[in-house]
Amino acid sequence: MEKSIHSELIGTFIYEELSKAYTYEKGPVHWTLEISDDKANFYEIMQRAENLYRVLHEFDKQAKVSIADELTSYKNDFWPEYDEDDEHLDWDEVDAGKYDVTPETFAASIKLLDIVIRHEDIYCEYDDGELFGGHRIHAYFDNDHRLRSAEI
């Protein structure tokens, strides 16, 4: 394997023997081109990475909306924004949704950190904006940039 590969759009990727992947870790989003799968074609994966890079702003915006649609109910049901032990908590307000996070607030709170381009999909890791106590959000997209699943 070559020690490094340069993309005119993204930058220079460095090969990591242990993970069998090329990584680029400069800038706000870290990129990985995973080639550990025997089916992986490096040049196809690099082309997909560059195509995603060209539309990254639009992809990230739509991804945040899709992730919010997928996880907002889970957030509100299992990671409440109120203290359940507060003796002065008005449970009628809780039931009315006063403390619920909206999908818009959810989408605005999360931040893209990592992108891994793999043979079968695209994996993205997001900072949760403290929606889930500092846990990371793991999102999986098909090669047409549609969300397959999201979890914490």
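The legends below describe views of a predicted model.

**Figure 1. Overall fold of the chain.** The chain holds 4 helices and 8 strands. Starting at the N terminus, the order of elements is β-β-β-β-α-α-α-α-β-β-β-β. The chain is more spread out than a compact globule, because its radius of gyration of 19 Å is well over the 15 Å that the globule rule gives for 152 residues. The C-alpha trace spans about 65 × 25 × 25 Å along its principal axes. Among contacts with a separation of 6 or more, 43% are between residues 24 or more positions apart.

Figure 2. Buried residues make up 41% of the 152 in the chain.

**Figure 3. L18 in the loop between β2 and β3.** L18 sits in the loop that joins β2 (11-16) to β3 (21-24). L18 has a relative accessible area of 87% and therefore counts as exposed, the cut-off being over 50%. S36 lies 18 residues from L18 along the chain, and the C-alpha atoms of the two are separated by 9.8 Å.

**Figure 4. Salt-bridge network of R118, E120 and D121.** The whole structure contains 6 salt bridges. R118, E120 and D121 are linked in a network of such bridges. Between R118 and E120, the closest N and O atoms are 3.6 Å apart. R118 is buried, at 17% relative accessible area, whereas E120 is partly exposed, at 36%.

**Figure 5. Salt bridge between E125 and R136.** The side chains of E125 and R136 form a salt bridge with an N to O distance of 2.9 Å. This pair links distant parts of the chain: E125 belongs to strand β6 (residues 122-127) and R136 to strand β7 (residues 136-141), 11 residues apart. E125 has a relative accessibility of 15%, so it counts as buried, which requires under 20%. R136, at 36%, counts as partly exposed.

**Figure 6. Salt bridge between R146 and D142.** R146 pairs with D142 in a salt bridge whose closest N and O atoms are 3.2 Å apart. The arginine, R146, is exposed, with a relative accessible area of 52%.

Conventions: Residues numbered from 1 in each chain as written. Predicted model: local features only at pLDDT ≥ 70, side-chain atom pairs only at ≥ 80, totals over all residues. Heavy atoms only, no water. Helix = DSSP H or I, 4+ residues; strand = E, 2+ residues; numbered from the N terminus. Rg over C-alpha atoms; globule rule 2.2 N^0.38 Å. Buried < 20%, exposed > 50% of the residue type's maximum accessible area, 1.4 Å probe, protein only. Contact = heavy atoms within 4.5 Å. Salt bridge = Lys/Arg side-chain N within 4 Å of Asp/Glu carboxyl O.
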